[in-house]
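Hi everyone, thanks for coming.

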Amino acid sequence: MGVSAGPADQPILRDISLSIPVEGILAVAGPSGAGKSTLVRLLNRLDDPVAGTVALEGSDLRDWDPATLRRHVGMVFQKAPVFAGTVHDNLCVADPDVTDERARHVLEHVALPPELLDRPADRLSGGEAQRMSIARALLTRPKVLLADEPTAALDGEARRAVEDLGREIADGGVPIVWITHDTDQLRRLADHVLLLADGQLLAFGHLSELDEHPDPLVRSLIGADAPGSAGEGSS
Amino acid sequence: MNNADIGLLGVAASGVLIAVAIGVSLWRQLGLEATIAWAALRALAQLLAVGVALQFVVDDDDPLIYAFLWLAVMHLFAAYTTYRRARQERMVLVLSLVAYLASSAVTLGVLFGFGVYEPSGRTIVPLAGIVIGNSLSATVLVTNRLFAAATERRTDIEGRLALGLSATDAFRPTLRDALRTALIPQIETTKAVGIIALPGAMVGLILAGTDPHDAVRVQVSVMYLVLGSVATTTAVMSLGIARQLFTSAQQLKRID
């Protein structure tokens with residue numbers, strides 16, 4: 001039996017069965033209401049499925065201690081929650097024992113200047129706040145990172161900076177499940193693509209494979225037929 | 001002469017002030033005339049009934065069981081009022097009853113345990129009335145704040161859960177803010193007492209002919225009682241609600 005999730009009488013995800021490879025960046029895309037966020041929230045047990053089983057490394061998530069699981073499976077939200085206090089205070093929420101040296105190091109990792117440590121977090125720009133939230137998530141040393149449209153609230157430059165950071169993190173060995181509704185972004189980032197529509201699995205595979213998919217909806221959702229896309233024969 | 005012995009004629013004369021309130025409503029077209037009249041009549045009827053009923057509990061030779069029965073009714077009614085005003089869920093009814101009982105046990109336990117007052121119907125019923133009456137608004141407030149926060153601050157709370165915090169730790173800042181909001185008005189009232197306002201218990205005692213020094217001592221104990229009871233009730237209520245807002249898997253429930 002596949003996984004169903006959402007309200008029991010009206011599930012958002014319906015009977016989905018798949019195995020997600022833990023490598024690189026997996027882009028999750030699909031129309032609004034397809035169940036992208038619902039799917040991702042199952043992966044760190046912010047929600048539980050109403051039917052079926054979600055497993056990590058072969059082990060049912062319900063057998064994990066929720067706090068331990070969430071430190072293994074980090075999450076970055078569409079609008080980064082900014083907690084009260086300074087940037088350092090925000091990092092301490094993830095790791096109360098974080099040393100100054102590690103705090104500076106993790107800020108540098110997300111391309112934020114270490115001087116920001118003492119700045120009130122609510123004075124950060126949207127892009128800075130999102131990068132701080134990624135730094136915060138990295139402090140728990142996750143094995144996988146979930147990113148729920150992490151650039152949706154950002155402008156062009158900040159968006160590209162977060163994308164570059166995502167690529168660097170994934171190449172550094174922390175795979176990312178990245179929800180996006182931006183086909184350009186999907187094409188820039190995705191190693192694998194998972195497409196949802198109407199709560200069901202529409203397609204899953206390498207971007208290059210899906211470019212040749214017979215279903216026009218699949219090609220449309222990944223921008224395969226757009227001018228300049230690989231599916232159109234240009235790079 | 002006892003200054004508080006105002007007689008039925010005095011009560012009737014003070015009713016002129018209700019006419020003033022109705023007059024203001026008419027003048028400013030507030031449309032509250034019937035509501036004011038109903039509130040005044042209802043208060044009169046309720047207090048007359050309470051006055052009669054109190055005769056059975058405040059005399060020194062009345063059995064204490066009557067006072068405790070009175071207390072039981074007060075607690076149940078307060079819990080029902082909280083349920084009706086805050087959120088109509090059985091959990092709120094049960095939790096608020098536990099909170100009021102805990103508050104009464106702590107505050108009256110201190111006052112009677114340390115011998116501040118002798119336990120009798122004359123002390124138990126009015127003091128419990130003060131505990132519950134003053135805790136009610138703060139309990140409704142903290143209940144509403146916490147349920148609203150579970151929706152409004154969902155991103156903040158889930159952001160903390162996603163970092164591996166326990167539900168207790170993830171909800172702590174929200175709980176702290178709600179408790180502060182509920183407690184600060186009572187703290188401000190306590191600070192302002194005697195300067196901006198003369199509290200009811202003291203005024204009542206002075207009008208009844210008690211020496212002001214004695215009235216002040218009673219009032220101080222009552223103010224501390226109120227502060228302690230509001231803090232206890234809201235703390236018990238908020239901790240109870242916080243537990244109910246999360247699943248055993250430390251997931252924030254969705255509140256309709």
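So, A:Met75 stands opposite A:Leu146 in strand β7 of chain A. Two strands count as paired if DSSP finds at least two bridges between them, and helices (H or I, at least four residues) and strands (E, at least two) are DSSP runs, numbered from the N terminus.

Quick housekeeping: this is a predicted model, where local features need pLDDT of at least 70, side-chain atom pairs count only at pLDDT 80 or more, and totals for chains, interfaces and linings use all residues. Residues are numbered from 1 along each chain as its sequence is written, while chains are lettered from A and ligands numbered from 1 in the order in which they are written.

Back to β7(A). It also runs parallel to β8(A), residues 176-179, again over 4 bridges, and here A:Leu145 stands opposite A:Ile176. Getting from β7(A) to β8(A), the chain passes through helix α6(A), residues 156-171, in a right-handed β-α-β crossover. Right-handed means that, with the strands pointing away from the viewer, the path from the first strand over the helix to the second runs clockwise.

Why is β7(A) largely enclosed by the rest of the structure? Because 4 of its 5 residues, 144-148, are buried. Buried means 20 or more other C-beta atoms within 10 Å of the residue's own, exposed means 12 or fewer, and partly exposed is in between, with C-beta atoms placed from the backbone.
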